[in-house]
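Hi everyone, thanks for coming. Let's take a friendly walk through a new structure together, so please have a look at the screen.

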Protein chains: 2
Amino acid sequence: MAGLEEIFRYLDAHLDDAVADALRYCRQPSVSAQNLGLEECAALTAQLLREAGCASEVVPVPGGPSVVYGRLAGTSDKTLLLYNHYDVQPPEPLLEWTSPPFEPLVREGKLYARGIADTKGNVVARLWALRAYRETMGELPVAVKLLIEGEEEVGSPHFEDFLRQPRERERFAADYCLWEGSQVDWAGRPDIRLGVKGILYVELEAHTAARDLHSSWAAVAPSPAWRLLWALGSLKGPDERVRIPGFYDAVRPDTREELASLEGMEDDLEQTRQAFGVGDFLGGVRGASYWHRLLMEPTCNICGLEAGYTQAGVKTVLPAVARAKLDFRLVPDQRPQEVLALLRRHLDQEGFSDIAVRALAAEAPARSPISAPFVGLVARAAQQVYGAPPGIRPSIAGTGPMAPVVELLGVTVADCGIAYPGSGVHAPNEHVRIADFLNGMKHCAAILYLLREEGAGTGR
Amino acid sequence: MAGLEEIFRYLDAHLDDAVADALRYCRQPSVSAQNLGLEECAALTAQLLREAGCASEVVPVPGGPSVVYGRLAGTSDKTLLLYNHYDVQPPEPLLEWTSPPFEPLVREGKLYARGIADTKGNVVARLWALRAYRETMGELPVAVKLLIEGEEEVGSPHFEDFLRQPRERERFAADYCLWEGSQVDWAGRPDIRLGVKGILYVELEAHTAARDLHSSWAAVAPSPAWRLLWALGSLKGPDERVRIPGFYDAVRPDTREELASLEGMEDDLEQTRQAFGVGDFLGGVRGASYWHRLLMEPTCNICGLEAGYTQAGVKTVLPAVARAKLDFRLVPDQRPQEVLALLRRHLDQEGFSDIAVRALAAEAPARSPISAPFVGLVARAAQQVYGAPPGIRPSIAGTGPMAPVVELLGVTVADCGIAYPGSGVHAPNEHVRIADFLNGMKHCAAILYLLREEGAGTGR
């Protein structure tokens, strides 16, 4: 693969330029939760795309920050979509940063800045991969489209509606997609991830009186705390099985390839257990059963509980109101709206029609098949760069706006990227190692190279 | 009863003086929860006692505010104890008062001040009853002792230990006791109350990790909110029956007189329901079954629940800690420390040894028998003043430091007083009606009169 080595040499030679772009990009704050610098960052994103030779456009999104669209032509009729986002998490707590979050710097072979790992560094790495390919090999083997949104860190509330518009579906039509940016594990092996869980976030409320009462009235007056607690108790017991009838009906059966991938995954239980300060994991799971629960099974979690008096000491009160916040992490093919309806019906049938349910957020799950040709190609490209077969995870445990891309555009999605477990994603002192940054550029370039070598048309 | 009419005339003639004393007493702030003005109020209490002709002493209490002791001689060897307290509830929220809480005033036949109903007005009313008796009839028929403590509103934390000292038990030895101060009902009929519920106030805590985690980890990491909720669910179900084995074992059987008293009580359900803004009462109770639950049965109430994120909107978090505050209202002969031990054992047996239990407050229940001669005398005295038979309640639904008095001094206790359901006890704009204040003086005087007429020695 002489051509690939030439591309790699180009990237090695231009590493300083790529690092400079990454620092420049991260210097622009773009905190979606605080509506800070978003349009400025969209404009800078479009500028970076143009510098890399892409046609680019800032596309307005009603009610939300703009989406940046980019395009490069290719020699085949296939299209590779690069999904990313230019917004970042809030930098707080600021006192825990050793250097200011929006004053990027290089220290001991690492790039420090808010957003460098999640995920501006990936945008820059991929733009330099495109440039390297074109400077050394000529025209790309497939058309490349970039879709870079500005509110991923707040749950992409406008993304599905945006992509549902016929004009945008056409604009972003593609065959396969590289997702925003994964990581290499502690051993340096890249994690290729193929899916996300969905989420249904609800608030449950019991309201039994016009005001808090003296607790002696608990003998005869209803208690919202007990009502809520009994209602929650009907949702899940200590066996961790969700008791809402029909909850598991839509869960897609695991494929043989998915189960095999779980068997092959490193068991980092002890490290995780100690880092979190937890005792045993639920059900004493380990190995593949741990990964199955974490990546393949839906959850019913209590994010918050609140009733009555919660300060220090004694107050004898019968509260008037009790509230709980729950998130259900969903797996394919569960749908948030269907789970919401099942939850309401279940509460009614269990005698809890007095418990109000309000949905605060919903995103559908998504997962691409391990057996998709594009996944195999991304894995082979990783082997070229990292010198070992990558880990392939059928899903992450968290949520992202992958379902609209998978379902509306009909593409296969794979996620790979430049972070590592110590990157401090969403935390102070976020950083990436320059060696990982370089490998990320090369992996993207290798994907393009294999798309030419192996024939872009062999499948999705 | 010519003598009684003479006493009443004296009280009618001196009503303005008694009102002036009540206003003077309430002008002195004495907020035990805020350690405000307590010793000043103890001194003023002793001064009021001396003005009424009592020998009085301010008795230091290690670690708490002083107790005021007063004494008057009598012609028999029997002793009537008057239990009261000089501390008051905090006045907050101040903005809801139409006149300042410690600037007492008379408006439309009512006395407004923090503490006037609970319970400084009762102290003054009883002192004037003693004075009226002695000015018109001569020496009292029984010795009278006054025990006026300064931390009833914070649960009398030093009271039992204080009274357990041999010296204090002897000092306050008595045969019967008038409790701090009850009320007349909406129809103007006095409530005579013979008992209190006890309390065990506990905090339960589940702690599963060193810090909050991203909620995607809920698939494999334990949740303190679910642990706590399942533990609480094992304590009580929707049938309202407490499921802790042995919880009800010590409950004293109701007497025939107690059950009959419940049958005779006014059913003010609809008024209470509307005032509280509640729907149905638990189990649809009404009439005697309502009163039985409210006054005679123990409770298990959730005062507070807290875990994770409780602000507006969405935060996807697996909390590290969850806490609940519970109060058990206990009835004779349940003991708080025994219930605490039963609770701990139950949680351990149900698999919740990970749930920490901490007792924050404990008071024993107490109840005097309806059949006690002193109770009948207090009722007959009420008939003389109010012109109708009083209501006799075996207990209140709340808690007070009655058990040390009943158990350590071995006295029969009855509670009667000057408030009415609109008095706003513990609330802004606390007040009493002057007509009730006068009747309260007369009731106390009539009790003294009947103790002479009917023979102080006929029983306790």
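Let's start with two strands of chain A: β2 (residues 64-72) pairs with β6 in the antiparallel sense over 5 bridges. Strands pair here if DSSP finds at least two bridges between them. Helices (H or I, at least four residues) and strands (E, at least two) are DSSP runs, numbered from the N terminus.

A quick note on what you are seeing: this is a predicted model, where local features need pLDDT of at least 70, side-chain atom pairs count only at pLDDT 80 or more, and totals for chains, interfaces and linings use all residues. Residues are numbered from 1 along each chain as its sequence is written, while chains are lettered from A and ligands numbered from 1 in the order in which they are written.

Back to β6(A). Opposite A:Lys145 in this strand stands A:Arg71. Strand β3 (residues 79-85) of chain A runs parallel to β6(A), joined to it by 7 bridges, and there A:Asn84 has A:Ile148 as its bridge partner.

Is β6(A) buried or exposed? Of the 7 residues in β6(A) (residues 143-149), 7 are buried, so the strand is largely enclosed by the rest of the structure. Buried means that 20 or more other C-beta atoms, placed from the backbone, lie within 10 Å of the residue's own. A:Ala143, A:Lys145, A:Leu147 and A:Glu149 point one way, A:Val144, A:Leu146 and A:Ile148 the other, and all are buried.

Now to another sheet. This one is open, with 3 strands of chain A in the order β4-β5-β19 and antiparallel pairing. At its edges are β4 (105-107) and β19 (431-433) of chain A, each with a single partner strand, so one side of each has no neighbour in the sheet. β4(A) pairs with β5 (residues 110-112) of chain A over 3 bridges, and A:Arg107 has A:Lys110 in β5(A) as its bridge partner.

Finally, the helices. In chain A, α1 (residues 2-13) packs with α4 (residues 116-137) at an angle of about 125 degrees, their axes 9 Å apart. That makes α1(A) oblique to α4(A). Axes are lines fitted to C-alpha atoms, for helices over the stretch in contact, and angles run from 0 to 180 degrees between N-to-C directions. Angles under 35 degrees count as roughly parallel, over 145 as roughly antiparallel, 65 to 115 as roughly perpendicular and the rest as oblique.

That's my tour, thank you!

How values were computed
Buried ≥ 20, exposed ≤ 12 C-beta atoms within 10 Å, placed from the backbone.
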